Amino acid sequence: MTTIQSEKVLFTKSAEDVFNFLADANNHEQLMPSNITNWSSTADDCSFSIQNMGTLQLTFSERKSPNFIKITPVGKVPFTINLQWDIEATDTGCTAQLTVHADLNPFIKMVAVGPLTTLVNHQVQQLQKAV
């Protein structure tokens, strides 16, 4: 299993505030890079197209307020993957960290780790702007 993890990012908002933003799939469009198109979402799932790659549908499979959110794909995907947000309260607000767990064979790993790392870092940076 390949693990790609962002830095822990500090927020002056409460863990509950950050959790509430991340727990709603509608808000995740704000976190996506510019190569994402055809966004569609409800509070519990989203689907979108990745330029030159195809369409992906995600569901928010687990929420434990105010600390944990797990997002998993729906339908057939080329490899097992999930995204996990961990939120931790601090004295002045909270921290948030995004982790991607992916079961990548060596060939796919060479191709996918770079874009997944870019996605993780982009989403955390966008979260800082959005919350």
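Q: Is Cys 94 buried or exposed?
A: Cys 94 is buried in this predicted model. The cut-off for buried is under 20% relative accessible area. Cys 94 comes out at 0%, so it counts as buried.

Q: What is the relative accessibility of Cys 46?
A: Cys 46 has a value of 3%. That puts Cys 46 in the buried class too, because the limit is 20%.

Q: How many disulfides does the structure hold?
A: Start with the general idea. A disulfide is a covalent bond that links the sulfur atoms of two cysteines. Now the case here. The count of disulfides is zero.

Q: Which residue in β5 stands opposite Cys 46?
A: Leu 58 stands there. Cys 46 belongs to the pairing of β4, residues 45-50, with β5, residues 54-64. These two strands run antiparallel, and six bridges join them.

Q: How should I think about side chains along a strand?
A: In a regular strand, side chains alternate between the two faces of the sheet. Keep that in mind as you step along β5 in the viewer.

Q: What joins β5 to β6?
A: A hairpin does, through three residues. Strand β6 covers residues 68-73. It is antiparallel to β5, with six bridges between them.

Q: Which residue in β6 does Lys 64 stand opposite?
A: Phe 68. Lys 64 lies over the face of Phe 68, 5.8 Å from the ring centre. The distance limit for a charge over a ring is 6 Å, so 5.8 Å falls within it.

Q: How do I read an aromatic pair?
A: Two numbers describe a pair of aromatic rings: the distance of the centres and the angle of the planes.

Q: How many aromatic pairs does the count come to?
A: One. The pair is Trp 39 with Phe 48. Their rings are 5.5 Å apart, centre to centre, with 10° between the planes. Planes under 30 degrees apart count as stacked, so this pair is stacked.

Q: Where does Phe 48 fall, buried or exposed?
A: Phe 48 is buried, at 4% relative accessible area. Trp 39 is buried as well, at 17%.

Q: How many salt bridges does a search of the whole structure find?
A: Three. Take them one at a time. Glu 88 and Lys 8 meet through their side chains, at 3.6 Å from N to O. Glu 88 is in strand β7, residues 81-89, while Lys 8 is in the loop between β1 and β2. So this pair ties together parts that are 80 residues apart in sequence. Glu 88 is partly exposed, with a relative accessible area of 44%.

Q: What does Asp 44 form with Arg 63?
A: A salt bridge, with the closest N and O atoms 3.0 Å apart. Asp 44 sits in the loop between β3 and β4, and Arg 63 sits in strand β5. The pair therefore ties together parts that are 19 residues apart in sequence. Asp 44 is partly exposed at 41%. Arg 63 is partly exposed at 31%.

Q: Which side chain meets Lys 64 in a salt bridge?
A: That of Glu 62, at 3.2 Å from N to O. Lys 64 has 48% relative accessibility, so it counts as partly exposed. Glu 62 is partly exposed too, at 27%.

Q: What should I keep in view for Lys 64?
A: Lys 64 stands opposite Phe 68 in β6. It lies over the face of that ring. Its side chain also meets Glu 62 in a salt bridge.

Notes: Residues are numbered from 1 along each chain as its sequence is written. This is a predicted model: local features need pLDDT of at least 70, side-chain atom pairs count only at pLDDT 80 or more; totals for chains, interfaces and linings use all residues. Side-chain values use heavy atoms; hydrogens and water are left out. Two strands pair if DSSP finds at least two bridges between them. Helices (H or I, at least four residues) and strands (E, at least two) are DSSP runs, numbered from the N terminus. Rings of Phe, Tyr and Trp (its six-membered ring) pair if their centres lie within 6.5 Å; planes under 30 degrees apart count as stacked, over 60 as edge-to-face and the rest as tilted. Buried means under 20% relative accessible area, exposed over 50%, partly exposed in between (1.4 Å probe, protein chains only). A charge sits over a ring if NZ of Lys or CZ of Arg is within 6 Å of the ring centre and within 35 degrees of the ring normal. A disulfide is a pair of cysteine sulfur atoms within 2.5 Å. A salt bridge is a side-chain nitrogen of Lys or Arg within 4 Å of a carboxyl oxygen of Asp or Glu.
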